[in-house]
Amino acid sequence: MNNKYFRTSPGQERAALVGLVLNQNKKADTETHLEELAFLAETAGAKPVTNFIQRLFKPNPSTFVGSGMLEKIKNYVQENGVDTVIFDDELSPSQLRNIERELNRKVLDRTNLILDIFASRARTAHARIQVELAQYEYLLPRLAGRWPHLERQRGGIGLRGPGEAEIETDRRVIRDKIARLKKQLIRIDRQKSTQRMHRGKLVRVALVGYTNAGKSTLLNLLSKSSVLTENKLFATLDTTVRRVVVKNLPFLLADTVGFIHKLPHCLVESFKATLDEVREADLLLHVIDVSHPNFEEQIAVVHATLKEIGAKNKPLFTVFNKVDILTERSAYHVIASTPRNPGSEGNTSLYVSATEKINIDILREKLYEQVKEIHITRYPYNDFLYNLDDCNS
Ligand SMILES: Nc1nc2c(ncn2[C@@H]2O[C@H](COP(=O)(O)OP(=O)(O)OP(=O)(O)O)[C@@H](O)[C@H]2O)c(=O)[nH]1
Ligand SMILES: [Mg+2]
């Protein structure tokens, strides 16, 4: 047992985390992914108590881990009062059922956990509908035989959102709900795209990046707003658009949902309208938490997600944030591993700290230059002074 973990407040779910090291992959990578899974579990309100890691050539088709490992997990959860076992990969419906039957505990996977966090954090009707749709899409193939032994203790992580009221076991009912939610979303999407059209020709910049990188902190700083920022994953789910003026140049800056390793496809699908803000932007401001030990993988995840949503070829301005907490050793690593010519990552890049306001004036200056280049193609004969209303959505 890992000594750094201990029993916490009553009512808090105790969770064991499980990850595989596949094929020739490095164990350290799985460990980092489990650290992130632990952060996700904490964000959802659970207390991660231990990790199980197994090296396999490929996942076991019926139980994901091997039978010996499953036995080991079973003994551990029984002896240590573990309520929930969370797997770092998406489990197939049959794997989920088999593991639950064997462990006699609630079993969640990474997708389930992310959906749960989205469900508890969705504030607007739009976000709630998007999350609910993704949850039903996830639930549909997994309905039969789930959690029969947990019937009396409904609720808790993985069972919030649509699960909280009552999970209908009738697939038809769920399909009807999915159809209804999709219709509602189409209606909202239409309204949103009309709103965006009414914003006129102002240059649109969208903050993109891994969750917790500091996007909302930068939006607040550049636009003097007070959007929620938190050291938790997925603090932002809804899009906020603010009108920013640098020198005399106005433009729109959008803050939106962050990306994550293995972002569930159903969420990307149902958050399409939210991500339109990124897809339709003229310039992307990619915010990177450079203090994170895995920031390079996070950059790759962001690029892959941008490709998935069809926003790959946009001009990109890369901002390496949180330089204030870089240790000297990691600073060397960062400088050695970032492109020699930062321009090759996109148009330009810059090291900043949003909280300590390091290099923010330079960021404003660089943003000004980039936005101006686009702006003058739209307003070739005018100066920059326009009287436009604030555009918040
Ligand atoms: N040390 C340090 N912390 C920062 C900096 N910028 C942001 N943070 C902190 O990082 C955490 C996440 O910041 P947010 O602005 O909420 O990050 P985000 O990218 O909007 O995250 P999501 O909305 O969850 O995707 C907060 O606790 C911030 O205070 C920085 O430059 N230095
Ligand atoms: Mg945010």
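## Terms and basis

Contact means that heavy atoms lie within 4.5 Å. Helices (H or I, at least four residues) and strands (E, at least two) are DSSP runs, numbered from the N terminus. This is a predicted model, in which local features need pLDDT of at least 70 and side-chain atom pairs count only at pLDDT 80 or more, whereas totals for chains, interfaces and linings use all residues. Residues are numbered from 1 along each chain as its sequence is written, chains are lettered from A and ligands numbered from 1 in the order in which they are written, and side-chain values use heavy atoms, leaving out hydrogens and water.

## Helix α2

Helix α2 (residues 67–79) has 13 residues and spans 19 Å from its first C-alpha to its last, close to the expected 18 Å, a value found as 1.5 Å times one less than the number of residues. Gly81, which follows α2, has a positive phi near 60°.

Met69, Leu70, Ile73, Tyr76 and Val77 of α2 are buried (under 20% relative accessible area, with exposed over 50% and partly exposed in between; 1.4 Å probe, protein chains only). These residues cover an arc of only 125° around the axis, which puts them on the same side of α2; the arc is that of the directions from the helix axis to the C-beta atoms. The buried residues of α2 pack against β1 (14–22), β2 (47–56), β3 (84–87) and α3 (93–103), while on the other side Ser67, Gly68, Lys72 and Glu79 are exposed.

## The magnesium site

The magnesium ion (ligand 2) is coordinated by Ser216 (OG) and Thr236 (OG1) at 2.0 to 2.1 Å. Ser216 lies in helix α8 (residues 215–223) and Thr236 in the loop between α8 and β6 (240–246), so the pair ties together parts that are 20 residues apart in sequence. Donors are N, O and S atoms within 2.8 Å of the metal (3.2 Å for Na, K and Ca), and water is not among the atoms, so sites may look incomplete.

Ser216 counts as buried at 8% relative accessibility, and Thr236 is buried with a relative accessible area of 10%.
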